[in-house]
Amino acid sequence: MHVHQSPADYGHWRRSLAPGTTVGFVPTMGALHSGHLSLLQQARSQCSVVVASVFVNPTQFDRANDLAAYPRMPEADTALLQEAGCHALLLPTEAGMYPHGTGRLQVHVPGLATVLEGASRPGHFDGVALVVAKLLNIVQPTHLYMGQKDLQQTRVVARMLQELFMPTQLVVCPTLREPDGLAMSSRNLNLTPGHRAQAPVLYQALQAVAKAWQQGSTANEALQQGHAVLATAPPCQTDYLLLVDADSLQPVETNHRPNRVAILVAAFFGQVRLIDNMVLE
Ligand code: AMP
């Protein structure tokens with residue numbers, strides 16, 4: 001596996017690939033788990049070359065303590081990626097990614113970037129869109145692999161790709177879960193054992209909302225079922241539990257039943273904020 005710290009160094013390697021080579025790209029913030037590796041496997045099955053990046057992007061964090069506490073383990077990540085058959089790893093520094101500082105350029109996707117996670121974490125998706133645009137310009141992939149775990153992120157990035165006429169094809173991959181249903185996440189590492197034991201309540205709440213919605217309940221009735229489940233785990237401080245149109249991400253109005261809905265949840269366990277979602281066709 002070729003490990004590149006600078007975009008220029010990566011560029012030399014990228015230009016050495018034969019024209020027409022399919023390049024699958026998996027951007028991550030590291031502390032890799034099986035969810036990340038499943039993206040890599042899907043990329044390997046569809047592309048001739050697979051590139052990953054590990055970069056904890058400062059511009060997408062709205063809380064300084066969240067950025068400081070984000071788990072970092074580049075050596076272990078490098079070993080995992082090598083073992084998983086990744087061909088190249090981009091491991092840039094903050095100065096390498098933001099040579100003129102973090103406050104200059106903005107990529108804002110109106111509408112999609114300011115609801116749900118964007119409402120709770122102002123500026124988060126501006127940071128995501130900016131860093132993904134930078135990474136795509138560096139990596140020059142034909143395919144981009146992202147997880148449905150971050151559903152809203154996939155929508156923001158898809159819109160950015162369209163609006164900026166970026167030729168990369170986005171592939172959205174399913175969420176990998178622990179045996180008890182908790183969505184795999186690097187942030188799970190920061191949960192106390194007590195909070196870890198309670199965290200599967202998020203998935204249970206999604207399932208309760210899904211069941212009620214599929215049985216014909218209104219959005220409000222279905223969400224009440226979910227809130228009742230969340231209330232069984234006292235450390236869980238719910239930020240939001242919402243049922244939205246899966247395409248527009250706008251809340252489902254009373255008496256309206258879109259073809260595809262998404263249920264999204266965000267909650268704190270102590271200082272650790274977790275998100276999860278489910279899409280119903
Ligand atoms: P992160 O390192 O958390 O920024 O995630 C990097 C990529 O991995 C994103 O596209 C995530 O959506 C994806 N991802 C994170 N957790 C999971 C999971 N449990 N299953 C599948 N993909 C995931």
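Predicted model: local features only at pLDDT ≥ 70, side-chain atom pairs only at ≥ 80, totals over all residues.
Trainee: Start with the six-strand sheet. What order do its strands come in?

Mentor: The order is β1-β4-β3-β2-β5-β6. The sheet is open, and the pairing is parallel.

Trainee: Which strands are at the edges there?

Mentor: β1, residues 2-4, and β6. Each of them pairs on one side only.

Trainee: How much are neighbouring strands turned against each other?

Mentor: By 25 degrees on average, with direction ignored.

Trainee: Which strands does helix α1 touch on that sheet?

Mentor: Helix α1, residues 7-15, touches β1, β2, β3 and β4. Its direction makes about 145 degrees with that of β1.

Trainee: And what about helix α4?

Mentor: Helix α4 covers residues 74-83 and also packs on the sheet. It touches β1, β3 and β4. The direction of α4 makes about 170 degrees with that of β3.

Trainee: Let's zoom in on β5. Is it mostly covered or mostly open?

Mentor: Mostly covered. Strand β5 runs over residues 143-147, and five of its five residues are buried.

Trainee: Which residues sit on which side?

Mentor: H143, Y145 and G147 are on one side. L144 and M146 are on the other. Both faces are covered.

Trainee: How many bridges does β5 make with β2?

Mentor: Two, in the parallel sense. β2 spans residues 23-28. G24 has H143 in β5 as its bridge partner, and F25 has L144.

Trainee: And with β6?

Mentor: Five bridges, again parallel. β6 is residues 169-173.

Trainee: New topic. What is the order in the three-strand sheet?

Mentor: β7-β8-β9, an open sheet with antiparallel pairing.

Trainee: Why is one side of β7 and of β9 left without a neighbour?

Mentor: β7 (236-245) and β9 (272-280) stand at the edges. Each has a single partner strand, so one side of each has no neighbour in the sheet.

Trainee: What does the twist average?

Mentor: It averages 15 degrees from one strand to the next.

Trainee: How many bridges join β7 and β8?

Mentor: Nine, in the antiparallel sense. β8 is residues 261-269. For a landmark, find L242: it stands opposite L264 in β8.

Trainee: Where does α10 lie on this sheet?

Mentor: Helix α10 lies across β7, β8 and β9. It runs at about 25 degrees to β9.

Trainee: Which strands does α11 touch?

Mentor: α11 packs on the sheet and touches β7 and β8. Its direction makes about 155 degrees with that of β7.

Trainee: So how do α10 and α11 pack, and at what angle?

Mentor: At about 155 degrees, with their axes 8 Å apart. α10 is residues 201-214 and α11 is residues 219-230.

Trainee: How do the contact residues divide into nonpolar, polar and charged?

Mentor: There are 12 nonpolar and three polar residues in the contact of α10 with α11. No charged residue takes part.

Terms used
Residues numbered from 1 in each chain as written. Heavy atoms only, no water. Axes fitted to C-alpha atoms, helices over the stretch in contact; angles between N-to-C directions. Helix = DSSP H or I, 4+ residues; strand = E, 2+ residues; numbered from the N terminus. Nonpolar A, V, L, I, M, F, W, Y, C, P; charged D, E, K, R; others polar. Buried < 20%, exposed > 50% of the residue type's maximum accessible area, 1.4 Å probe, protein only. Pairing = 2+ DSSP bridges. Contact = heavy atoms within 4.5 Å.
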